[in-house]
Amino acid sequence: MRTLTIEPLTKEAFAPFGDVIETEGSEYFMINNGSTRRYHKLATVETAQPDDQAIISIFAADALEMPLVIRMLERHPQGSQAFIPLLSNPFLVVVAPLGDAPVPGNVRAFRSNGRQGVNYHRGVWHHPVLTIEKRDEFLVVDRSGSGNNCDEHFFTEAEQLLLDPHRDSEQAID
């Protein structure tokens, strides 16, 4: 079983999968008579149908037992999905590129610093929310509308991957 190397979450590394939502290194302009920095359009909500709506929710997530065997990934073909941490806790992100099914050899893992959120582009394969803390909360911006918006892919036993946030990335086996 291949152990995923957990990479730092950066805009450049995550670009094939979506947007990193963060203020550090992002452009801004001043508003409210100069008292507020507006970091404008850090991500774009993607929807597929004219009647779709962008919605805002809060997810209260419990941590899964680690190390975690990655048995499945999901995607949202009708819209993007953004996760912004509300409690400033680091969290993990597991993703695979667009395609009919995720390819285990192309799956990547990232660690947010707790001040970064992610916006998965429409159709990008990803694992459901992976909090490191026992319980965490996220502001979620995604799509509401008709039609199926969640595809799940389950890996065969031979394709499954191991996610171990306690293992040093240099020790990970490819």
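**Ground rules**

I number residues from 1 along each chain as its sequence is written, and I use heavy atoms for side-chain values, with hydrogens and water left out. Because the model is predicted, local features need pLDDT of at least 70 and side-chain atom pairs count only at pLDDT 80 or more, while totals for chains, interfaces and linings use all residues.

I took helices (H or I, at least four residues) and strands (E, at least two) as DSSP runs, numbered from the N terminus. For burial I used relative accessible area with a 1.4 Å probe and protein chains only: buried is under 20%, exposed is over 50%, and partly exposed is in between.

**Entry 1: salt bridges**

I looked for a side-chain nitrogen of Lys or Arg within 4 Å of a carboxyl oxygen of Asp or Glu, which is the definition of a salt bridge here. The count comes to four salt bridges by this rule.

R108 and E7 form a salt bridge through their side chains, at 2.8 Å from N to O. R108 is in strand β11 (residues 108-111) and E7 is in strand β2 (residues 6-8), so this pair ties together parts that are 101 residues apart in sequence. R108 is partly exposed at 26% relative accessibility, and E7 is partly exposed at 22%.

Next I took D52 and R143, whose side chains meet in a salt bridge at 3.1 Å, N to O. This pair links distant parts of the chain, 91 residues apart: D52 sits in the loop between β5 (36-38) and β6 (53-62), and R143 in strand β15 (residues 135-144). Are these two buried or exposed? D52 is buried, since its relative accessible area is 10%. R143 also counts as buried, because its relative accessibility is 6%.

R135 counts as partly exposed at 48% relative accessibility, and D62 counts as partly exposed at 47%.

**Entry 2: aromatic pairs**

I paired rings of Phe, Tyr and Trp (its six-membered ring) if their centres lie within 6.5 Å; planes under 30 degrees apart are stacked, over 60 edge-to-face, and the rest tilted. The count by this rule is nine aromatic pairs.

F59 and F83 are an edge-to-face pair, 5.6 Å centre to centre with 80° between the planes. F59 is in strand β6 and F83 in strand β9 (residues 81-85), 24 residues apart. F59 counts as partly exposed at 30% relative accessibility, whereas F83 is buried at 5% relative accessible area.

F83 also forms an edge-to-face pair with Y120, at 6.0 Å centre to centre and 65° between the planes. Y120 lies in strand β12 (residues 117-120), 37 residues from F83 in strand β9. I found both F83 and Y120 buried.

Which residues make up the aromatic cluster? F14, F17, F59, F83, F91, F110, Y120 and F138 form one cluster.

I counted two strands as paired if DSSP finds at least two bridges between them. Three strands form an open sheet with mixed pairing, in the order β1-β17-β7. β1 (2-3) and β7 (68-70) are at the edges with a single partner strand each, so one side of each has no neighbour in the sheet. β1 and β17 run parallel and are joined by two bridges. I noted L162 in β17 as the bridge partner of T3.

**Entry 3: Q160**

Q160 lies in the loop between β16 (151-154) and β17 (161-163). Q160 counts as buried at 11% relative accessibility. I listed its contacts (heavy atoms within 4.5 Å). Not counting residues up to four places away in sequence, Q160 touches M1, R2, V69, I70, R71 and F155.

**Entry 4: largest pocket**

I worked on a 1 Å grid over the protein atoms alone, where a pocket is an open set of points that a 1.4 Å probe fits, with protein on both sides within 12 Å along at least five of seven lines; lining residues have an atom within 4 Å of a point. Grid points are joined across faces, edges and corners, and the volume is the space filled by probe spheres set on the points.

The largest pocket holds about 230 Å³ of space. Of the 17 residues that line the largest pocket, I21, L42, A43, A82 and I84 are the closest to its centre. β9 and β12 are the elements that give two or more residues to the lining. β9 gives the largest share, three residues.
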